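Thanks for coming, everyone. I would like to walk through a few local features of this chain, so please have the sequence and the model open while I talk.

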Amino acid sequence: MGGCAAGTLLAVTGSTEARAATRPTGSTTTPTTAATTASDEAALRAAISDLSHPPATSAQLRVDRRGDHWYGTAGAADLGSGRAVRPDDRFRAGSITKAFVATVVLQLWAERRVELNAPIGRYLPDLLPSAFSRRITVAQLLNHTSGLPDHRGLPDDSTPEGVVRHRWDRWTPRQWVETVTHDPLKFDPGTAQEYRGINYVLLALITEKLTGRPYGQAIESRVLRPLGLTRTLLPGQDPRLHGPHVHGYLRMTDGSLRDITVYNQSSAWGEGELVSTLDDLSRFQRALFSGALLPSHALDKLFTLPPDSVRMLDGTPARYSLGLQKATVNGVTFWGKTGERYGYRTRMFATRDQALRFVLSYAPTPLTAQEEMTNRVVAILTA
């Protein structure tokens, strides 16, 4: 629901190669420096310029390697005008919201205002069934080991027409939480891992309880303003993107494209509603990994996975920490976050030492799209 990919990974194999592609009208790059070779630059440009695999209307990529950076774009921010994408264009960043929420929760933990091992019922009494609120801890929300049951009673968004039909639906956080209270826990909290947006809805509610203000204001005062992220915001009930922005489009079953940019984000409250830019996300990524937002003992939580005994439901190793996710490609280990909304996809990853960082944002048009563009980019960066 709401276009947030549940657990979408940075899934790349070592054999993935960048496709050759014709550079489209409006494609631009920032000149490379010595840290990125001419062949790398050409390959990265080709990787984002292939807007057929998956079908997309635009793409932009920033790569930072050992202090130098490369930026490139492809396609159009707006099909009507044909305007090229710019690094300060806003877009919907989806579940990258969770990294911002986790940062604030860990700040509150460092300030001793919340206990990670405390049951969530201490902070949200009477919101969930007692069997949930007594057993699930704050940390288990952060790393997706809560075991909360599946949603019930959500609108049908299994077709693009269904998505368009429900684009104006308005939900309150408590209404959204209510949809996961009708069944028993899926597993004992802390024994398995399943990526769930509802975990971060609850964390946003805890943030509001502890700070006495809307969670978006807490993020603004603790993260956005200190870092000067002037193009990043939490939109609340405002369905529009204001100022220069990237349009998102959805392919209907009859083959036509529908502009899906204007969309009420209340179904993604607390876990996927962030609006940002490539420049702002790159600045956030750098500050977060550098320790500008968290003391060292809290920062370590972002790079610590559950014990080896905790597995994803499909049996693969756990990959979510208390705010980020881990992916290793060609021997290079990345930490970061993925994000999706209908018509938008963003990937924000870096090595822990920040020797290599990238933010990729593009506008896929299928209701569900393959990870081909990310695969091409990461294969080049880790070759």
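This is a predicted model: local features need pLDDT of at least 70, side-chain atom pairs count only at pLDDT 80 or more; totals for chains, interfaces and linings use all residues.

The side chains of D50 and H53 are joined by a polar contact of 3.2 Å, where a polar contact is a pair of N or O atoms within 3.5 Å, one of which, within protein, must be able to donate a hydrogen and the other to accept it, and residues adjacent in sequence count only if both atoms are side-chain atoms. A polar atom of the D50 side chain also lies 3.1 Å from the backbone nitrogen of S52. D50 itself is found in the loop between α1 and β2, and helices here are DSSP runs of H or I with at least four residues, strands runs of E with at least two, numbered from the N terminus. With a relative accessible area of 7%, D50 is buried; buried means under 20%, exposed over 50% and partly exposed in between, for a 1.4 Å probe and protein chains only.

Residues are numbered from 1 along each chain as its sequence is written, and side-chain values use heavy atoms, with hydrogens and water left out.

Moving on to E194, this residue lies in the loop between β6 (192-193) and α7 (198-211), and it counts as buried because its relative accessibility is 17%. Its side chain makes a polar contact of 2.9 Å with that of K186. Leaving aside neighbours within four places in sequence, E194 is in contact, meaning heavy atoms within 4.5 Å, with residues including H144, D150, N199 and M312.

How does α7 meet α2? In α2, K98, V101, A102, V104, V105 and L108 meet Y200, L203, A204, T207, L210 and T211 of α7. By class, that contact has 9 nonpolar, 2 polar and 1 charged residues, counting Ala, Val, Leu, Ile, Met, Phe, Trp, Tyr, Cys and Pro as nonpolar, Asp, Glu, Lys and Arg as charged, and the others, Gly among them, as polar.

Lastly, helix α11 (residues 372-381) is mostly covered, with 9 of its 10 residues buried.
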